[in-house]
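Dear colleague,

Please find the structure below, with the findings set out after it. I would be grateful if you could read the two side by side.

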Amino acid sequence: MERHGSTIPDVGNARLSLGDAFDKYRGSFYTLIVLVILMIIWNLAANKIQNTLLLPYFSETAMEFITAWGDPVIMFNLGLTLKRVFTGFLYAFIIGVPLGLLMGYSATAMQSLAPLMNSIRQVPIMAWVPLSIIWFGLGDGPTVFLIAMSAVFPLAINTIAGVEGIDSNYYNAARSMGASRRDLVRDIVVPGAMPNILTGCRLAMGAGWMSVICAEFIATSAGFGFLMVEAQVRLETAQLYALMVMSGLVGYAIDKVFVAFERKMTSWRFKDGFVGS
Amino acid sequence: MALLEVKDIRKTFTQKRKPPHIVLENLSFSVERGQYVSLLGPSGCGKTTLLTMLGGFMSADTGQIYLAGKKVEGPGPDRGFVFQNYALFPWMTVQENILYSLKVQNFNKREREKRLQELLDISHLHGSENKYPIQLSGGMQQRVAVVRALASRPEILLLDEPLGAIDFQMRELLQEELAALVEEAQTTVVMVTHDVNESVYLSDRVIVMSANKGRIIKDMYIDLPRPRSRQSQAFKEYVSELTELVRQAFREGGSYRQADIPARDRGVDNNFVASYNRMHSRYTNVANGRSRAVK
Ligand SMILES: Nc1ncnc2c1ncn2[C@@H]1O[C@H](COP(=O)(O)OP(=O)(O)O)[C@@H](O)[C@H]1O
Ligand SMILES: [Mg+2]
């Protein structure tokens, strides 16, 4: 019988074989090599520049990085920032997903809302900063608003694409089996758009995490972004580097969590295709 | 009165900046309970359009369709529809797919469980009930699609090119599976196909539609014992007679369709089969892309 799905028969490839255990960690091993090379270049450059204000040694930065994880002030501010991100994301989700479902499902909603949405979307996120300060004052308000603002569009747009991509025969099939409009939304529209909604979540979270740091430079006197400004003002460049690496890693970890969630929520997409007779 | 009555159907598609395209005109036929009827015809002759109207997903310009004396006015569970691409819900397991019609019609748990066992029996899908469609072979997907359509005991089963997406080597095997499945379910079937061999193998009766407004150019009973042998002389005679009729149906399409035919196929009448198949796949795609569900 024919093969279905993405299984491709393994025609022994010409890769160097270093045993099964190694194969499993091949990716991490390569990443490690790249990091080591970067570290060497970093130290060579630092040696040449000889100015820790511009470029501290790698070891110095690494030390800062390690101590940062035990620093209660840094951890408190990181927690604060994370809380803002999740709050903003939650608002974006509550608005963006239903809006996307509506616009994807109803041509009327699409025609009436799309021009508005597409023009608001063009306003650079940082251009909202002054207005958000006027509206919410300083502190959590403007940052949460900015996160929600940058997260809502990826969510809505991906949800729309998800609904529009649903095969019209799924609707027809469900209707011919007696499904009501409510059944269609619950059993076809939502699960059919789910893969895109989850992609939207990942993109929205990324956008939120990026914009929160910027927002905290300006609109607040606490949070991870604020710590970076502080480090810069105190000329502690090594700490600034460490904080930047940290923000990258935290963003990466959040994304990993979302990927795991995606796999769990839409496990049907990740099953192996049919193989065999 | 026959189970299915199709009376004087007319269907026109109008598109911007194009003259209206009359796909079906004055189309009438009826189907008796228990019959297996094939609608055979070249691509673009309106078979899917007709079946879509039988399903209630689209309405005719004029004319009526009656099923068991009741006028067809929308989709409903009295008709089981099997789509060309099966349209199995990929996010539901085999079991959830099969039982979907009972779920939305609020059958209780015991009834659902009982029906599931019956359907798994006739489709030989025991052991696969918790798999997802992506994990099934083409043949298994087809069986899921058929029993899903049968689940709430429809009056009639409507099949749109149920084997259209299956490659040539598998087709005959799956035709046998389909024949056995329908035999066990003891249901009335209207099947659309462009494959002559398939129509002779499966049907009690073959209706040949012309590319010119879907005119019925032949209504032929296949008087062969089952299970059928493709090797028998009588089988081959039916096939060659119907092949000739399909060619005629294709030629009747006339010149108004020229614009729809890919440039490379124009005037390539000598390679009839190749251009026919190519057109077929093309039209199927076009039609599927256009037919958005009425929401
Ligand atoms: N929604 C539509 N809008 C415009 N033309 C259509 C539409 N659906 C089908 N057609 C046209 O109607 C004709 C019959 O199509 P179809 O019923 O899909 O043929 P078949 O199933 O016999 O191949 C084709 O020429 C096709 O291009
Ligand atoms: Mg068709």
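The contact between the chains draws 30 residues from chain B and 25 residues from chain A, two residues being in contact if their C-beta atoms, placed from the backbone, lie within 7 Å. On the side of chain B that touches chain A, strand 6 (79-82) and helix 3 (100-104) of chain B each supply at least two residues; helix 3 of chain B gives the most, with three residues. Helices (H or I, at least four residues) and strands (E, at least two) are DSSP runs, numbered from the N terminus. By class, that side of chain B divides into 16 nonpolar, ten polar and four charged residues. Here Ala, Val, Leu, Ile, Met, Phe, Trp, Tyr, Cys and Pro count as nonpolar, Asp, Glu, Lys and Arg as charged, and the others, Gly among them, as polar.

The model is predicted: local features need pLDDT of at least 70 and side-chain atom pairs count only at pLDDT 80 or more, whereas totals for chains, interfaces and linings use all residues. Residues are numbered from 1 along each chain as its sequence is written, and chains are lettered from A and ligands numbered from 1 in the order in which they are written.

Chain B contains nine helices and ten strands. Of its 295 residues, 41% count as buried, that is, with 20 or more other C-beta atoms within 10 Å of their own C-beta atom, as placed from the backbone (exposed: 12 or fewer; partly exposed: in between). Among the contacts in chain B between residues at least 6 apart in sequence, 72% join residues at least 24 apart.

The largest nonpolar core has 128 residues, of which A:Ala151, A:Leu155, B:Val82, B:Val144, B:Leu158 and B:Val190 touch the most other members. Such a core is a set of buried Ala, Val, Leu, Ile, Met, Phe, Trp, Tyr and Cys residues joined through C-beta atoms within 7 Å. Neighbours within four places in sequence aside, B:Val190 is in contact with B:Val31, B:Val37, B:Leu39, B:Leu51, B:Leu54, B:Ile156 and B:Leu158.

B:Leu178, in helix 6 (residues 168-185) of chain B, counts as buried because it has 23 C-beta neighbours inside 10 Å. Not counting residues up to four places away in sequence, B:Leu178 touches B:Val146, B:Pro162 and B:Leu202. By contrast, B:Lys70 lies in strand 5 (residues 70-71) of chain B and counts as exposed, with 11 C-beta neighbours inside 10 Å. B:Lys70 and B:Glu5 are 65 residues apart in sequence, and their C-alpha atoms are 9.7 Å apart.

Some backbone features of chain B also deserve mention. Most residues other than glycine have a negative phi, and most peptide bonds are trans. B:Asn106, in the loop between helix 3 and helix 4 (109-123) of chain B, has a positive phi near 60° and is exposed, with 8 other C-beta atoms within 10 Å. B:Glu161 also has a positive phi, of about 40°; B:Glu161 lies in the loop between strand 7 (156-160) and helix 6 of chain B and is buried, with 23 other C-beta atoms within 10 Å. A cis peptide bond, with omega about -10°, joins B:Arg226 and B:Pro227. B:Pro227 belongs to the loop between strand 10 (216-221) and helix 8 (233-251) of chain B.

With kind regards
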